[in-house]
Amino acid sequence: MSNLTKSTTVYTLNNGVKIPALGLGTWQSEKGKVGDAVRIALQAGYRHIDGAAIYGNEEEVGNGIVESKVPRDEIFLTTKLWNTKHKEVEKALDESLQRLKVDYVDLYLIHWPVAQDPKTEKEYPDWDYLDTYKELQKIYKNTKKIRAIGVSNFTPKQIERLLADKDVDVVPVVNQVEAHPLLQQPELLELLKKNNIRIEAYSPLGSTEGSIRDLEDVKKIANDLGITPAQVLISWNIQRGDVVLPKSVTPERIQSNLLTVELPKEVFDQLNDLEKKHGTNRTNVPPFFDFDAN
Ligand SMILES: NC(=O)c1ccc[n+]([C@@H]2O[C@H](COP(=O)([O-])OP(=O)(O)OC[C@H]3O[C@@H](n4cnc5c(N)ncnc54)[C@H](OP(=O)(O)O)[C@@H]3O)[C@@H](O)[C@H]2O)c1
């Protein structure tokens with residue numbers, strides 16, 4: 001049995017704000033379950049919750065926070081701006097704050113680098129994610145509603161374009177992207193490291209598809225170490241320096257996903273080799289975004 005302990009790793013973001021390495025994901029966490037999931041997670045020792053307006057469950061996430069009785073200032077709370085709200089950032093943020101029943105979020109992210117007109121769902125001809133980022137920057141500088149700003153699903157080219165803009169003087173603290181042994185994104189990782197931007201790894205367990213946690217290699221490693229496949233994967237992300245956001249609404253899984261180990265070097269290397277062995281596998285490919293074209 002490996003030496004599982006409650007994850008206590010905390011990173012310092014490029015603006016000095018501290019972030020717990022492990023956070024609870026809430027995408028597809030149904031109403032009626034997500035409030036309990038958040039409460040149980042916080043009571044078990046999680047101090048980081050990842051949400052988004054588009055998940056449609058912020059009210060209940062907020063209830064879970066209140067019911068946990070964990071003080072607000074001990075919790076790192078993230079939410080995200082949806083694609084159809086890029087021209088009304090502060091209004092969308094205020095609505096999220098209201099639903100979450102908080103005065104501020106610790107991290108506000110642009111969910112996708114795609115600014116869509118809500119009427120047509122087409123991308124605006126006169127506005128893009130750079131304009132949106134400058135709005136976030138303004139709110140970050142001028143109000144106390146956001147402790148840090150970041151991006152999500154940005155490709156290396158989009159990160160470079162953002163950093164090169166003369167009006168961008170707040171470097172995003174994170175880029176939240178899909179990251180697990182079958183999607184390691186070395187080019188992106190290197191660029192982000194160079195600029196002191198942290199990866200936040202989403203779908204670390206392979207999301208609802210389960211393709212990664214069900215991989216025979218991962219199951220064997222888990223079996224040999226006497227831990228679960230999810231614990232192997234979550235520990236791998238933390239060991240490579242990522243923030244990691246496993247989602248569950250199942251109490252036992254919420255509890256066990258918080259327990260991590262330092263993986264032996266040969267196991268860490270074996271996980272690093274899985275992409276070469278099996279090829280890459282991206283589970284999250286929405287219709288409005290082409291990862292290769294950008
Ligand atoms: N920025 C973005 O565009 C973006 C995109 C995707 C995700 N995210 C964030 O990242 C979070 C995580 O990603 P995800 O929700 O796609 O997938 P995930 O965390 O990789 O996987 C979640 C799935 O794994 C199951 N699961 C959880 N723990 C398990 C365990 N110990 N053993 C077996 N199965 C387990 C969950 O089931 P139960 O819930 O039924 O237990 C659920 O079906 C999201 O919730 C969201 O906060 C962000």
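The text below describes the ligand site and the pairing of strands.

The model is predicted: local features need pLDDT of at least 70, side-chain atom pairs count only at pLDDT 80 or more, and totals for chains, interfaces and linings use all residues. Residues are numbered from 1 along each chain as its sequence is written, and side-chain values use heavy atoms, with hydrogens and water left out.

**Ligand site**

The ligand is surrounded by 29 residues, where near means that a heavy atom of the residue lies within 4 Å. Asp50, Ser207, Lys247, Ser248 and Thr250 are the closest. The shell holds 10 nonpolar, 14 polar and five charged residues; Asp, Glu, Lys and Arg count as charged, Ala, Val, Leu, Ile, Met, Phe, Trp, Tyr, Cys and Pro as nonpolar, and the others, Gly among them, as polar.

| Residue and atom | Distance to ligand oxygen |
|---|---|
| Leu205, polar backbone atom | 2.7 Å |
| Ser248, polar side-chain atom | 2.7 Å |
| Val249, polar backbone atom | 2.9 Å |

Taken alone, the ligand exposes 900 Å², and the protein buries 90% of that (Shrake-Rupley method, 1.4 Å probe).

**Sheet**

Eight strands form an open sheet in the order 4-5-6-7-8-9-10-11, with parallel pairing; strands are DSSP runs (E, at least two residues) numbered from the N terminus, and two strands pair if DSSP finds at least two bridges between them. Strand 4 (24–25) and strand 11 (243–244) are at the edges with a single partner strand each, so one side of each has no neighbour in the sheet. Strand 5 (residues 48–50) and strand 6 (residues 76–81) run parallel and are joined by three bridges. Ile49 has Leu77 in strand 6 as its bridge partner.

Terms used: Polar contact = N/O pair within 3.5 Å; in protein donor to acceptor, adjacent residues only side chain to side chain. Helix = DSSP H or I, 4+ residues; strand = E, 2+ residues; numbered from the N terminus.
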